[in-house]
Amino acid sequence: MIAVLGSAAVLSAGLLAGPGAAHAAGPLDSLGGADVGALLDNEMITGFVEMCGSGALASAGQGGTTWDPEDTTDGGLPPEAIATCTDSTGTGLALVLPDRFEIGQLAEEMTVDLGDDILFYTMGERNLFELLGGVVLGSSTIKTLVNGLVGVPIDPGAFDEYDSYDQIRADAALPYDPKFKRGECIRWGGFLGLVCQEYARIEYDGNAAKRDKAIKMAEALTGHTYEPDELGRVILPGKTAPEGRSTIIGEGINVALSMRGGTAVAETGNDLALALAGADNGLLAQAYAMYGIAIAANLDTSDIRFTWFGQDVDFSALRPLLESDLAADAGAGEMGEMLDVVEGLNGQIPDLKEVFCYGVNAKATAEAFGSCSNFLGTFDTYQDLRPLSDGSGTFDGDAVARQEQYGIQDVSSLVFGNDALLNQLAPLLTGDGESASMDDLLASPFMAGLLTALVSEDQRIKISKDFVRYTKNVETTFEKEPVLGTDGTPLYRNSAGLERTQAQIEDDPDLDIADFTPVTKTKLTPRMVGVYEDTWEEYQSPVMVDVWVNADGEEVPEGTEGAVQKQVQKQTEDGEPVFETKTRYVRVPKMITRTDDDGVTTQVQETVQATDADGRLLWDPVVATTTTAHWLTSDYGLREPLVVSWLGHEIVFFPAVEVNGTTRPNLIGLPEIRAIAADADSGLLPKISLVQWDHPFGLGTLSLDNPFDPLAVARNWRNTVTLGDDLKLIGDLVGPLLGSGSDSGTDSGGTATEPDDGEAGQGDGTAGEDVVDGEAPVTLLAGRPATESDPADAAGTGTGAQTGGSGAGSGSEASGTGAATGTGESTGTGESTGTGGTAAGGEGSGGEAPQPDPSLGTGQNGGHDTTGAQGEATGDGGSDESGDTTGTDAQPSGELASVSAGSDSGDSEE
């Protein structure tokens, strides 16, 4: 459970701390370090979205959307965007996004104070439209003069051309307005024929000048060219607004995102849960979790664009002005940074595509994507709900596969094994110095895989292994139809890509029909959906009033001690419940009458062809055949299929299949026989592929790469076993939580290392740490005290004593191939001395005793200072790196001793 909650914390941190913290080569690096929290407060974002928050994010939005479908008026329609957080008591965010952020909508509010007037031009505070007008409109002569004065080519006289989005849209949409002006003289007369009797009438567009200026403004930050319609108008896109419904409920971490009419509901059953829901294109996404994680996300957020009048922004035209000394003096750097954020995000926001469930009770469904459930971290289900095609009229696939899965998962794989989730989260859970950095944690392979799966349609998040998983794989092939040429007859194509009809091939003597194959495409049929309509109905709603009740549920006066406030239905003097008439808004299927051939009429729901967000019709491929396969896989047992090669052929037992991004043997798959390459060395004896067998519970992998050397096989297998390290890590995490009353500890697994002269040696894998560089020893696992009758044995470690306020100790050690015992004797009121031990058969030399660090203080024993004397150990012959050393401390009654692991020097002093 610790691992599950840890993963919930990490996932929420990855979502809310921003993708910039992801691994160096991660899928979200393109966001360039943008912090989600900062973005929520950025006016470039808040001006477009509908949102609300709870808990730590309660400041987001304005408390949610005011809309109650149970209490409205007849004809009252709901807002296009609804964010609801009223039922969220934890930390969460409900956010409704547009699919296009039109920067022009905010340009009126983005202002810069340009300071004092220049010559007779008014400067002062100007918005983005006015600044842009000075750059792209006006006189080039004036721009040259101003450039000499302030270092930027602008015409301040053009600042006053436009100051709003609607102004530009209105001028660009002006139709052709016929006007006439006098042209050249076409008939002369009068005195000596010198008087013009008639002038030519020249027609011109009276709105052309205004329209041209508006179009220049619209095209300035995009490079796009707008084409006028038949009336000469250019209809620029209108302002954008979010559309959808996002709701968060419950005590945990909840995030609900919606756009383009989607409905997202994220709910948690307690405060130790995380739910993320994301919905798009009018679809529904629901995620619920209790003591776990649930994700239901089907968001095409890569479609989100930052635009200027409907086209992707390019602020290069404004850069010279914003980077000029004039702008710097006006403090316009903030606007430049804001525009940098926009350009960095445009087109770089990845899709959110994932359904994931894990915990005591977790369920998630994302329409048109997938659904899952998980109970007790063990019983797992998944179903792929993606449609057979993308719905486009040009879809031309051959086949797709969709899966339905039922699995029994191994909860212990969260903590056992090299790739266990607990190993990834250990720095966060233990707070182990720099290793607890969130950046380091998000750079771990686990988080890399998690973030990749979160933005990938084809990969799934996986945090635990399967004991067994049954998969029903349904492969659907599509019906094909011929592609017709201009004459209505089928087309044929040869290997060179030349397409001709049969008649054209027969008419060309250089072509042979045998070299051509028919050109086909996937046959499509309209995707039909039901029609719904808005309706309103009156109903009787209870009238609720606030009362105060005591512990027995009896109504008492307000302010009574121990009373709590409660809502109850109002009653009349006669005790009758009071109701009031309200109007509720509902959407119901639109019914039509259909008559069959026999004249029988029935009411059915009206259906129409589905469309996407841009109004394009959607299509589905016509199914030709379906093939169902049944797979049984496990993350344990055989790692690869068993392959036997013999006499030019090979037989594959348990052929591999891909399940959730992992290739594993299909335990119920029929053997496959195939021919080996003709030049393969078949030999007389069969050859069997390498057999690798994975074990659960941290028991490693058995590789039969050398079956004739069982000892080597056993050694190699032992090297893969992680059970001991896993249990130690669990102990390191659980030990402090148990709150043991003793600071003493022991270590029984370290390996001695050779100390440098004058320094204490270091043990590996110890529970405690040496006193090094003036630091006090840290004990993660508290043990019982060592006594004379209960020695604390340690391989490669020295002994000392430390208690909270009183301590006594000395240590002496020898390292070598033999065994040495150092004994420290503590007097009741005086000094503690130590004697050295000699390692038989080993060679070791003690370094100089280190000077005591004043910062550590002096231990007190019976009111007297206690100082350990030097111990010395020597030995002849052999290595001084592999000996076992045991030290014991004799303590007076009532004293507590602790082992400071890893002290390996010949002389020591504490």
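**Aromatic pairs and nonpolar cores in a predicted model**

Among contacts (heavy atoms within 4.5 Å) in the protein between residues at least 6 apart in sequence, 64% join residues at least 24 apart. The structure is a predicted model, in which local features need pLDDT of at least 70 and side-chain atom pairs count only at pLDDT 80 or more, whereas totals for chains, interfaces and linings use all residues. Residues are numbered from 1 along each chain as its sequence is written, and side-chain values use heavy atoms, with hydrogens and water left out.

The protein has 16 helices and 51 strands, taken as DSSP runs numbered from the N terminus (helices H or I, at least four residues; strands E, at least two). Of the 910 residues, 41% are buried, where buried denotes under 20% relative accessible area, exposed over 50% and partly exposed in between (1.4 Å probe, protein chains only). The protein exposes about 46,600 Å², of which carbon and sulfur atoms supply 51%, as computed by the Shrake-Rupley method with a 1.4 Å probe.

The largest nonpolar core has 66 residues, and those with the most contacts inside it are Phe129, Ile168, Leu236, Ile295, Trp308, Phe309 and Ile463; such a core is a set of buried Ala, Val, Leu, Ile, Met, Phe, Trp, Tyr and Cys residues joined through side-chain atoms within 4.5 Å. Helix H13 (residues 445-454) contributes the largest share of this core, 6 residues. Another core, of 27 residues, lies apart from it and includes Cys85, Ala94, Ala294 and Phe369. Not counting residues up to four places away in sequence, Phe309 touches Glu102, Phe129, Tyr165, Ile168, Arg169, Ala218, Tyr226, Leu236 and Pro237. Phe309 also belongs to one aromatic cluster with Phe129, Tyr165 and Trp308.

A search of the whole structure finds 10 aromatic pairs, defined by centres of Phe, Tyr and Trp rings (for Trp, the six-membered ring) within 6.5 Å, with planes under 30 degrees apart counted as stacked, over 60 as edge-to-face and the rest as tilted. One of them is the tilted pair of Phe467 and Tyr636, at 5.8 Å centre to centre and with 50° between the planes. This pair links distant parts of the chain, 169 residues apart, with Phe467 in strand S20 (residues 465-478) and Tyr636 in the loop between strand S37 (623-633) and strand S38 (637-638). Phe467 counts as partly exposed because its relative accessibility is 33%, whereas Tyr636, at 11%, counts as buried.
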